[in-house]
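Please look over the sequence and the structure shown below before reading on.

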Amino acid sequence: MGAAYLHNRFAATRRQTLAVRIGNTYVGGEHPILVQSMTTTDTKDIDATAFQVLELANAGCELVRITAPTLKDAECLKDIMAKVRAAGCQVPVSADIHFQPRAAYESVKWVEKVRINPGNFVDSKSAKIRQYDESTFARGREKVFEAFSPLVREAKERGVALRIGTNHGSLSDRMMWKYGDTVEGMIESALEYLAVCEAENFDQIVFSMKSSNPRVAVQAYRLLASRLSEGHKAYPFHIGVTEAGDGEDGRLKSAVGIGAMLLDGMGDTVRVSLTENPVREIPVAKALIALCQCVTDGGLQSNNKRNDYIDSTGKIENLVESLDFYHYQRRETKLQSIGSLSIGGREVIPVGMGLSPLQKLPKIKGDRQPEWLSIHKSDQAGDTTQSITPTQTQIENASVVKVPLPTIQEIAWEARAISSPAGDSVLPSLDAQALIDGKSDFPKRAEIRISELSQLPKLSTLALDSAMQLWWSYTGEENPVAAYRYLAAWLASQHRPDPIILRSICVGDEESKMRSAAEMGALLVDGIGDLIVIQGTISEESGLSLGYDILQAAAVRRSKTEYVACPSCGRTLFDLETTTQMIRSRTSHLKNVSIAIMGCIVNGPGEMADADFGYVGGAPKHVNLYVGREMVRRNIPETQAADELVNLIREHGRWLEPPMEAALVHETF
């Protein structure tokens, strides 16, 4: 039930932390989760930067971060802050420091918070990891104490908070040598700097553990929470997914990573990193916070209703999750087949959709086709849970038929029975209560829909033959993340490695999509889920697209071009928003290719480690191109860089002609 990072994963509550003062506000403790963003202007442009701080504050941003990459940038903070305060704006400001400790010492004079990156404040990072031994590694730790202690003392004297902000993409050579490209390396890097703060009796610290891979970010924050519980104070967390990208992809990736953490009660300040105007980040962050708080309120209890599986202390008894919370590993399930589709085991996670009675299979454009269908009776739009009882059928109490594609192309509903020309492709769906009440025998194969988790202990008393092919899903109204976790733990207690179907109701608007992404993403990050089905009033095509996009955002399946694109800031060497859109327009038709678009070298080469190709700002108006982690072309003029990227993809056999271009070539010949 418990995990070192969270007392009860079946009834998550907000992590209790120290309150850290930042100017006129606080992060952590009992204070509301704070929303922040970052300016994208050149910091040396004092008027533009001050104006953007005011613009963000007016949009509801509660903490603004400004990059200070050089000492000259840091010196400009004095005048920027004077203009902001003269305008009557008291929003706290944080300075973002990389590579130059001198910039940090200057910044601490003018702002309420300073962020340092343990990967580059003292140590360095190179293309090829330098070799160390234990003595040189220890000497590096001593250098951290020597360089960082004066800044800690200065911050303590001035009442300035510090953020120890580790990035997966900028782990130092020293940490990479000892720990590799792991979450352990991220944690140890941060704890070195915490040791300095603790030696100086300074506790006004916020931590961040960011990655462009939501799964890695979630695992790192979990591991940090666990490590801090071993004799350290519970410092608050700044949470986010860096380099999330733009548009709906960026929002869904943020929802998966940030949502998974918020749903576990982690997070005291949030930044959604979009490759867009930073003002647009604010409503997304606020919506995510509100959506996730709505889900977690009440844990596994809704409407003050008691449930049989919760004991008098409010804890769920006798269930232990056999999951690794800090390293992704998909839940072990047995491979099961229905028709032409295999589910579970190590098969890719399919995406399904629901159809109403008499509805023909919709014609979906593109390659993202439904791999699984739910046929249901519904008296009103969006109601996919109302059961029916056919009067003449061998599938007693069946309410849903499952048919994988492309077994059949058109499906019809018969009033007196459920049938399909595919025969054995039909999978009945049985409500657990019908089994408990003895109205139906356990079939040899079926989906068992759990509407109340109190049904599970009662099912334990029934004979569950190991030869049965059972799929399980949850259709109740309580917290779906906690409920599916409980279902997975219960199945483990019954020694049933059965596949689990993740269902989500979506009405199609942006907030509903983000909620589905947060809930399903939290479970996928846990390794739970063998099939996902989007239901509700969302259109068939949008529902399918959402399902595939959630899988891609959670890094468990790729079905379209993947973009890792950082948000802009004062360090950026080209216009990220327009460049990202331009590269997307030329490459979005590619299959199973990932492209990183990074504005500078701070996190670029590291965060794009999982990408196939990289487009990184190397100098003003010049771009470096990467294949994986290797720089293959340097200082290409920005006007030529997109063409060179396309050529690079061609050279590596990953290019496909866009459909329109292919058609034109065909007509020519």
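Predicted model: local features only at pLDDT ≥ 70, side-chain atom pairs only at ≥ 80, totals over all residues.

## Strands, cores and a cavity

Strand S22 (residues 594-598) runs parallel to S21, and four bridges join the two.

The protein as a whole has 18 helices and 25 strands, and of its 669 residues 57% count as buried. Among the contacts between residues at least 6 apart in sequence, 69% join residues that are at least 24 apart.

A further set of strands forms an open sheet of eight, in the order S8-S7-S6-S5-S4-S3-S10-S9, with parallel pairing. Strand S8 (205-210) and strand S9 (238-239) stand at the edges and have a single partner strand each, so one side of each is left without a neighbour in the sheet. Within this sheet, strand S3 (residues 34-38) and strand S10 (residues 269-270) run parallel and are joined by two bridges, with Leu34 standing opposite Thr269 in S10.

Which residues have the most contacts inside the largest nonpolar core? They are Phe148, Phe207, Ile448 and Trp472, in a core of 140 residues. Apart from this core lies another, of 19 residues, among them Ala565, Leu576, Leu590 and Leu625. Returning to Phe148, and not counting residues up to four places away in sequence, its contacts are Ile116, Phe121, Leu162, Tyr193, Val196 and Cys197.

| Residue | Loop | Relative accessibility | C-alpha to C-alpha distance |
|---|---|---|---|
| Pro236 | between helix H7 (214-228) and S9 | 0% | 7.4 Å to Ile205 |
| Arg331 | between helix H9 (281-296) and strand S11 (336-338) | 10% | 8.9 Å to Asp530 |

Pro236 counts as buried because its relative accessibility is 0%, where buried means under 20%. Arg331, at 10%, counts as buried for the same cut-off of under 20%. Pro236 and Ile205 are 31 residues apart in sequence, whereas Arg331 and Asp530 are 199 residues apart along the chain. Leaving aside neighbours within four places in sequence, Pro236 is in contact with residues including Arg15, Leu18, Val27, Ile205, Phe207 and Asp268. Arg331, not counting residues up to four places away in sequence, touches residues including Arg346, Leu491, Arg496, Asp498, Gly527 and Asp530.

The structure also holds nine cavities of 30 Å³ or more. How much space lies in the second largest cavity? About 110 Å³ lies there, and of the 11 residues that line this cavity, the closest to its centre are Asp249, Lys253, Gln552, Ala553 and Glu562. Helix H8 (247-263), helix H14 (540-553) and strand S21 (562-565) each supply at least two residues of this lining. By class, the lining has four nonpolar, two polar and five charged residues.

How values were computed
Residues numbered from 1 in each chain as written. Heavy atoms only, no water. 1 Å grid on protein atoms, 1.4 Å probe; cavity = no way out; pocket = protein on both sides within 12 Å on 5 of 7 lines; lining within 4 Å. Points joined across faces, edges and corners; volume = space filled by probe spheres on them. Nonpolar A, V, L, I, M, F, W, Y, C, P; charged D, E, K, R; others polar. Core = buried A, V, L, I, M, F, W, Y, C linked by side-chain atoms within 4.5 Å. Buried < 20%, exposed > 50% of the residue type's maximum accessible area, 1.4 Å probe, protein only. Contact = heavy atoms within 4.5 Å. Pairing = 2+ DSSP bridges.
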